[in-house]
Amino acid sequence: MSQADNQLERVQRSGLSLGLLIWSFMIVGVISILYARDRWWFLPLASQHGAEIDRMFDIILVLTGAMFILVHALLGYFVIQYRSRGAASKAHYFPHNVVLELTYTILPGLAMLGLSVAGILLWSNIHRPPGPDAFVVEVRAEQFGWSARYPGADGVLGRTDNDVAEPYNVDRKDPASRDDVVNSEIRVVVNRPVRTLLRTRDVIHEFYVPAFRTKRYMLSGVSNETYFTPTRTGTYDIACGFVCGVGHYAMRGQIQVVTQAEFDTWVKQQKTLADAAAPRGAAR
Ligand SMILES: [Cu+2]
């Protein structure tokens, strides 16, 4: 065997291994995505709107996954099929192809446009405030923990004002604040739309409940809101989604989804702001 033959064989073999490597990369990618989808990426769903988010996610995953498979299958195929055949073979060259270029521009463009419109509609749907019968709770974050304020018997949260020098700027002179309940436990009612007012005492935090597919910033000096309808009773993790300081890692909280009766019984047993103010030296 001549030296040239030897070299050609080496090049052909390396072309074959590169093609196979690309295919195995594709197979490992697809398998790991299918494996991770329910185990690592998504906790079991516990809110109404979350189903739409998961569906949107899956549509995008299928579209991009199909492209991923198509591109890598073809890439591997071309690398193997058209590996060097010696000095005599020459690649076919063409400067451009209008039909091909329009196809690979317009088709992904349309897909992107469709996904964007679907995403905007879904976003506005999720962020539409619920009706007046919604369960109202103020979720509070501070370095480094969570708490909540409930409206109490009058169903109205006392007003907040950034000029009021009280924790979370709650105006205690507002009569509506007297029966408000402030508690370290965050509880909401199952199958009832929840209107969550998000407040931070210090820096920016983020209210993130993976099981609800809910994530929203809590901005200093601003009352942000987010809405969801829990569909299952139980206890779910809250994470702070924004790096907020050295104790950020410790901002793992819990949100309890209970029945209306359970909540009513519980909230009556808790101290109101007026109760808490009565004894001397009591905080809040
Ligand atoms: Cu935080």
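This is a predicted model: local features need pLDDT of at least 70, side-chain atom pairs count only at pLDDT 80 or more; totals for chains, interfaces and linings use all residues.
Which residues are the protein donors of the copper ion?

1. Copper donors. The copper ion takes its protein donors from four residues: His205 through ND1, Cys240 through SG, Cys244 through SG and Met251 through SD. These atoms lie 2.1 to 2.3 Å from the ion. The angles among the 4 donor atoms run from 95 to 122°, and the site is tetrahedral. For that label, all angles among four donors must fall between 85 and 135 degrees.

2. Donor spacing. Along the chain the donor residues follow the pattern H-x34-C-x3-C-x6-M. His205 belongs to strand β6 (residues 205-209) and Cys240 to strand β9 (residues 234-240), so this pair ties together parts that are 35 residues apart in sequence.

3. Five strands make an open sheet in the order β4-β10-β9-β6-β7, and the pairing is mixed. Its edge strands are β4 (186-189) and β7 (214-218), each of which pairs on one side only. On average, neighbouring strands of this sheet are turned by 25° against each other, direction ignored.

4. Strand β4 pairs with strand β10 (residues 252-258) in the parallel sense, over 4 bridges. Across this pairing, Val188 stands opposite Val257 in β10. Helix α4 (residues 260-268) lies across β4 and β10 and runs at about 140° to β4.

5. The other open sheet. A mixed sheet of 5 strands has the order β3-β2-β1-β5-β8. At its edges stand β3 (181-183) and β8, each with a single partner strand, so one side of each has no neighbour in the sheet. Neighbouring strands here are turned by 25° against each other on average, again with direction ignored. Helix α4 reaches this sheet too: the helix lies across β1, β2 (145-150) and β3, at about 95° to β2.

6. Strand β5 and its partners. In β5 (residues 194-200), 6 of the 7 residues are buried, so the strand is largely enclosed by the rest of the structure. On one pairing, 7 bridges join β5 to strand β1 (residues 135-142), and the two run parallel. Val136 has Arg195 as its bridge partner in β5. On the other pairing, 5 bridges join β5 to strand β8 (residues 224-228), and these two run antiparallel. The bridge partners in β8 include Asn224 for Leu198 and Thr226 for Thr196.

7. Strand β8. How many of the residues of β8 are buried? The count is 5 of 5, so the strand is mostly covered, although β8 is an edge strand with a single partner. In a regular strand the side chains alternate between the two faces of the sheet. Here Asn224, Thr226 and Phe228 point one way, while Glu225 and Tyr227 point the other way, and all are buried. Both directions from β8 therefore carry residues under the 20% cut-off.

8. Helix α2. This helix covers residues 50-81, which is 32 residues. The buried residues of α2 are Gly50, Asp54, Met56, His72, Gly76 and Ile80. They pack against α1 (3-41) and α3 (98-126).

9. Val62. Val62 and Ala165 are 103 residues apart in sequence, and their C-alpha atoms are 52 Å apart in space.

Definitions and conventions:
Residues are numbered from 1 along each chain as its sequence is written. Side-chain values use heavy atoms; hydrogens and water are left out. The expected span of a helix is 1.5 Å times one less than its number of residues. Buried means under 20% relative accessible area, exposed over 50%, partly exposed in between (1.4 Å probe, protein chains only). Contact means heavy atoms within 4.5 Å. Donors are N, O and S atoms within 2.8 Å of the metal (3.2 Å for Na, K and Ca); water is not among the atoms, so sites may look incomplete. Four donors count as tetrahedral if all angles lie between 85 and 135 degrees; four count as square planar and six as octahedral if opposite donors are over 155 degrees apart and all others between 65 and 115; anything else is irregular. Two strands pair if DSSP finds at least two bridges between them. Axes are lines fitted to C-alpha atoms, for helices over the stretch in contact, and angles run from 0 to 180 degrees between N-to-C directions.
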